[in-house]
Amino acid sequence: MAAAVPRPPEGSALPTDAVREVVGLVRQQGDEAVRNLTARFDGVDIDDLRVGGDELRQAAEAIGSEL
């Protein structure tokens, strides 16, 4: 049985607040927000958000046939 996740302390920000902020930034700033958030959370600078055809093919080939 999975352990219960404790409630955040009363008066603290909820995780959903952080999610709303991220979604709002992406809605307002689009790709620029995605780049900034990727740098902030993942420590990676991305110039081009597009995934190349070769990468897509490799990913598709890596998926098991049962999926």
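Here are a few notes on this predicted model, going from the overall shape down to one threonine.

1. Overall make-up. The protein has three helices and zero strands, so if you read along the sequence you get α-α-α.

2. Dimensions. The C-alpha trace spans about 50 × 40 × 20 Å along the principal axes. For 67 residues, a compact globule would come out with a radius of gyration near 11 Å, but this protein has 18 Å.

3. How H1 and H2 sit together. A pair of packed helices is described by the angle and the distance between their axes. Here, helix H1 (residues 15-29) and helix H2 (residues 31-42) have axes that come within 6 Å and cross at roughly 140 degrees. That makes H1 oblique to H2, since only angles over 145 degrees count as roughly antiparallel.

4. Who touches whom. On the H1 side, the contact uses Glu21, Val22, Leu25, Val26 and Gln29. Facing them from H2 are Asp31, Glu32, Ala33, Val34, Asn36, Leu37, Arg40 and Phe41. Sorted by class, that contact has seven nonpolar, two polar and four charged residues.

5. A residue to look at: threonine 38. The side chain of threonine 38 reaches the backbone oxygen of valine 34 at 2.7 Å. Setting aside neighbours within four places in sequence, threonine 38 is in contact with Gly43, Val44 and Ile46.

Note on methods:
Residues are numbered from 1 along each chain as its sequence is written. This is a predicted model: local features need pLDDT of at least 70, side-chain atom pairs count only at pLDDT 80 or more; totals for chains, interfaces and linings use all residues. Side-chain values use heavy atoms; hydrogens and water are left out. Axes are lines fitted to C-alpha atoms, for helices over the stretch in contact, and angles run from 0 to 180 degrees between N-to-C directions. Helices (H or I, at least four residues) and strands (E, at least two) are DSSP runs, numbered from the N terminus. Angles under 35 degrees count as roughly parallel, over 145 as roughly antiparallel, 65 to 115 as roughly perpendicular and the rest as oblique. Contact means heavy atoms within 4.5 Å. Ala, Val, Leu, Ile, Met, Phe, Trp, Tyr, Cys and Pro count as nonpolar, Asp, Glu, Lys and Arg as charged, and the others, Gly among them, as polar. A polar contact is a pair of N or O atoms within 3.5 Å; within protein, one must be able to donate a hydrogen and the other to accept it, and residues adjacent in sequence count only if both atoms are side-chain atoms. The radius of gyration is taken over C-alpha atoms; the globule rule is 2.2 Å times the number of residues to the power 0.38.
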